[in-house]
Amino acid sequence: MKRVAIIGGGISGLSAAWELKKKQIPFIIFEATERCGGAIRTIHEAGCLIEAGPNSLNGPQPELDRLINELDLEGDICPADSHASNRFIVRDGKPIALPRSFAEYIKTPLFSSAAKWRLLKEPFIRSASFPGETLAAFAERRLGREPLTYALNPFVSGIYAGDPNRLSAAAAFPMLIEMEREHGSLLKALLHRSKKQRTSGNPRSPRTIYTFKEGMQMLPDRLVEKIGSDAIKTLHPIEVVEASPSGEWNVAGDLFSDLLLTLPTHAQSKLATPFDLTFLHAVRYPSVTSLSLLYDRNQLTHPLNGFGMLIPACEDRFILGVLFPSSIFANRAPENSVLLTVFIGGDRQPDRALLPMDQLLPSVEKDLHELLGLQGAPHHISTHRWEDAIPQYTQEIETVHEQITTLEATHSGLYFAGNYRDGISITNAITSGRTVAERIIDK
Ligand SMILES: Cc1cc2nc3c(=O)[nH]c(=O)nc-3n(C[C@H](O)[C@H](O)[C@H](O)COP(=O)(O)OP(=O)(O)OC[C@H]3O[C@@H](n4cnc5c(N)ncnc54)[C@H](O)[C@@H]3O)c2cc1C
């Protein structure tokens, strides 16, 4: 009889469990900490709703929409304010709104005239991606140097806390390679997609940013509620997995037909297992600290009319960027107050993330003073250190993926899912968990 051990109660493990639950396949989730959700964690402090990890979801995404529907969470969706489509990038020490239309693109001071022309010539660039091409090399080849410096570099730091000179174009953004391969140009691919949408007759669903009324934690909490707490063992860190003589997996003295590992690779490689997992060390997770800071509205001169502000590496600032949570979502901070979430470290300067607060805060405040006109001290500080924050999709991860596939093929009932395998977003992690659960179900 099928019985599945799921190691790790993050969103990947929970999503896999939910698929098994729907098919009435028994399972146990083993989670090391006292709560499920992993990186997703919402806290309430000083009258604020603070996200320690992910702040928002992006839609529409069929996988995510389906899960939200199955969990009856539609009524709890909290959409972003219309300002949130505005994103600031720092150039020459000033936050500049990223252009959202062709007219804004023509006028924006974010790129020089030469860079704007170069970008428009992208459809005529005749070249193709090659194995091992970094994201930076891909972007420079197709779009030119300034868009790499002032658009891609800060965005990659916002998404991956990563460095485009180290990320693999094919592993980190496979869709870009696909667009180039199919259409010979990113601009042509975008035009083709929008024409197809127009001629399909289907109304275009607006791309939206959202969370839930009580924060991101509602998603794992609802999964736990639906799965049932008797199938979840929290405060159960797994250190050893054994193969039993009967061909089953022995986890914490219990036998299972199938074993699903959803831990971050750095935790997985510490497990004592009958198979070798040391190759997982090749996946790097740079450290990131997120500081949520509460101020009176009048302590800042910037209107904070957007999603946040990202800072290109060449601007040589201490921080990676800032989110404006109280501008994006309702009920994040008390009236007349603003909540900022500042990110420090990442692959640019991982050591900075682990600095003591007395060294961190003055450097953060200096950047906020110069970029957003901040005066004075915060009324509340919420610090969240992610020593191993986000797996970097460098060229090495492609080899790791191949080795994982080989292990699965050579060990019956062994599966891997998580944000190190199918992409780093929450939606990717949900897909990763579901896909593996379907393979277990169909076996
Ligand atoms: C600071 C930050 C901001 C982010 N922002 C966004 C965002 O805005 N939008 C977005 O889509 N994504 C965002 N992400 C990415 C996203 O949150 C993660 O990729 C996703 O939540 C990972 O889910 P997971 O289940 O794969 O891993 P995890 O969430 O890491 O879950 C793994 C689980 O395994 C448990 N575990 C570890 N060791 C053991 C053990 N030995 N035994 C048992 N259990 C163990 C852990 O406690 C944890 O619960 C962000 C990530 C971070 C860190």
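Two residues are said to be in contact when their C-beta atoms, placed from the backbone, lie within 7 Å. Gly308 sits in strand S16, residues 308–310; strands here are DSSP runs of E with at least two residues, while helices are runs of H or I with at least four, both numbered from the N terminus.

Why is Gly308 called buried? It has 23 other C-beta atoms within 10 Å, and a residue counts as buried with 20 or more such atoms, as exposed with 12 or fewer, and as partly exposed in between, the C-beta atoms being placed from the backbone. Thr431 is 123 residues from Gly308 in sequence, and the two are 27 Å apart in space, C-alpha to C-alpha.

## About the model

This is a predicted model, in which local features need pLDDT of at least 70, side-chain atom pairs count only at pLDDT 80 or more, and totals for chains, interfaces and linings use all residues. Residues are numbered from 1 along each chain as its sequence is written.

## The chain as a whole

The protein chain has 16 helices and 20 strands. Its radius of gyration is 23 Å, close to the 22 Å that the globule rule gives for 443 residues, so the chain is as compact as a globular protein of that length. The radius is taken over C-alpha atoms, and the rule is 2.2 Å times the number of residues to the power 0.38. Along the principal axes, the C-alpha atoms fill a box of roughly 70 × 55 × 45 Å.

Of the 443 residues, 43% count as buried. Among contacts between residues at least 6 apart in sequence, 71% join residues at least 24 apart.

## Strands and sheets

Strands count as paired if DSSP finds at least two bridges between them. An open sheet of five strands runs in the order S10-S2-S1-S14-S20, with parallel pairing. Its edge strands, S10 (232–233) and S20 (414–416), each pair on one side only. S14 (residues 258–261) is joined to S20 by three bridges, and Leu260 has Tyr415 as its bridge partner in S20.

Strand S18 (residues 337–345) is largely enclosed by the rest of the structure, because eight of its nine residues are buried. Nine bridges join S18 to S15 in the antiparallel sense, with Leu293 partnered by Leu340 in S18. S17 (residues 321–323) also runs antiparallel to S18, over three bridges, and Val322 stands opposite Val342.

## The nonpolar core

The largest nonpolar core has 116 residues, and Leu135, Leu260 and Val342 are among those with the most contacts inside it. Such a core is a set of buried Ala, Val, Leu, Ile, Met, Phe, Trp, Tyr and Cys residues joined through C-beta atoms within 7 Å. Beyond four places in sequence, the residues that Leu135 touches include Leu152, Val156 and Phe173.

## Around the ligand

How many residues surround the ligand? There are 36, and the closest are Gly8, Gly10, Gly38, Pro54 and Asn419; a residue is near a molecule if its C-beta atom, placed from the backbone, lies within 6 Å of it. Helix H1 (11–22), strand S15 (288–296) and helix H16 (426–442) each give two or more residues to this shell, and H1 gives the most, with three.
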